[in-house]
Amino acid sequence: MNRKTILNILRKTTFLIEMVLTLLLAVGVVFSIKDLIWYFPTIWNTPSVASYALLKDFLGHVLLLVVGVELMLMLINHSMVAILELVLFVIARKMLIYADSMLDLLLGTASILIIFIMFKYFMPKVTVAAEREEYEYDADTPLEQIKNETGYPVSSGQGRTIKEALEKLAEDKRICIVEGSTVYSGELEITVTEMVDEQISKVLIAKKNLR
């Protein structure tokens, strides 16, 4: 058994384990929703002063379920966006429920600021519109980087960069590459958004029905 075969087996095994864990998380989240319902009559029958702590527990429970859902999305998508969103919700829960001092609030705010800076300057440009998510990349961006950041399965057999993949797909489909051209690869749409000296400079990658 060669190294490539062993790696393929390990990848498939890891994927299977992650899907099982995702399923168990989904079951746990669904079962936990019923616990939220029991908060309402208790809050209704509790005096206003005492209900503050109860409402705080309720919000903590809700945010914990949200963290569980985001963790599921991270296991499924394997994208940097999903990881940062998960971290953002964890920080928000910490600040809202467990922050007891101004220092806690300052550290939480600084952490959220760092995440937003990462979204703005270190992540691909993202546009979300009704069941569609779009990512804009430079043409020389490696396919492996795109897959790691978005979870999009752009085939590495088409080339090393998104430009090479687009040119190969266009050649196979006999499509002339000009600014605004769109090439389809499975569920993906790859559109040329900018050309410089008749060379592809920027592309937009989209996939419908992400979530």
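User: What makes the meeting of the D172 and K168 side chains a salt bridge?

Analyst: The N to O distance between D172 and K168 is 3.0 Å. A salt bridge is a side-chain nitrogen of Lys or Arg within 4 Å of a carboxyl oxygen of Asp or Glu, so the pair qualifies. By this rule the count comes to 3 salt bridges. A word on the background: this is a predicted model, where local features need pLDDT of at least 70 and side-chain atom pairs count only at pLDDT 80 or more, while totals for chains, interfaces and linings use all residues. Residues are numbered from 1 along each chain as its sequence is written, and side-chain values use heavy atoms, leaving out hydrogens and water.

User: Where do D172 and K168 sit, and how many residues apart are they?

Analyst: Both belong to helix α7 (residues 162–173), 4 residues apart, which means about one helical turn separates them. Helices (H or I, at least four residues) and strands (E, at least two) are DSSP runs, numbered from the N terminus.

User: Why is D172 called partly exposed?

Analyst: Its relative accessibility is 46%. Buried means under 20% relative accessible area, exposed over 50%, and partly exposed in between (1.4 Å probe, protein chains only), so D172 falls in the middle class. K168, with 33%, is partly exposed too.

User: What makes D138 and K202 a salt bridge?

Analyst: Their side chains meet at 2.6 Å, N to O. This pair links distant parts of the chain: D138 lies in strand β2 (residues 132–138) and K202 in strand β5 (residues 199–208), 64 residues apart. D138 is partly exposed at 43%, and K202 is partly exposed at 25%.

User: Why is helix α3 called roughly antiparallel to helix α4?

Analyst: α3 (residues 48–77) and α4 (residues 80–98) pack at about 170 degrees, with axes 9 Å apart. Axes are lines fitted to C-alpha atoms, for helices over the stretch in contact, and angles run from 0 to 180 degrees between N-to-C directions. Angles under 35 degrees count as roughly parallel, over 145 as roughly antiparallel, 65 to 115 as roughly perpendicular and the rest as oblique. The α3 and α4 angle is therefore in the roughly antiparallel class.

User: How do you know that the length of α4 agrees with its residue count?

Analyst: The expected span of a helix is 1.5 Å times one less than its number of residues. The 19 residues of α4 should therefore span 27 Å, and its end C-alpha atoms are 26 Å apart, which agrees. Among the buried residues of α4 are V81, L84 and I91.
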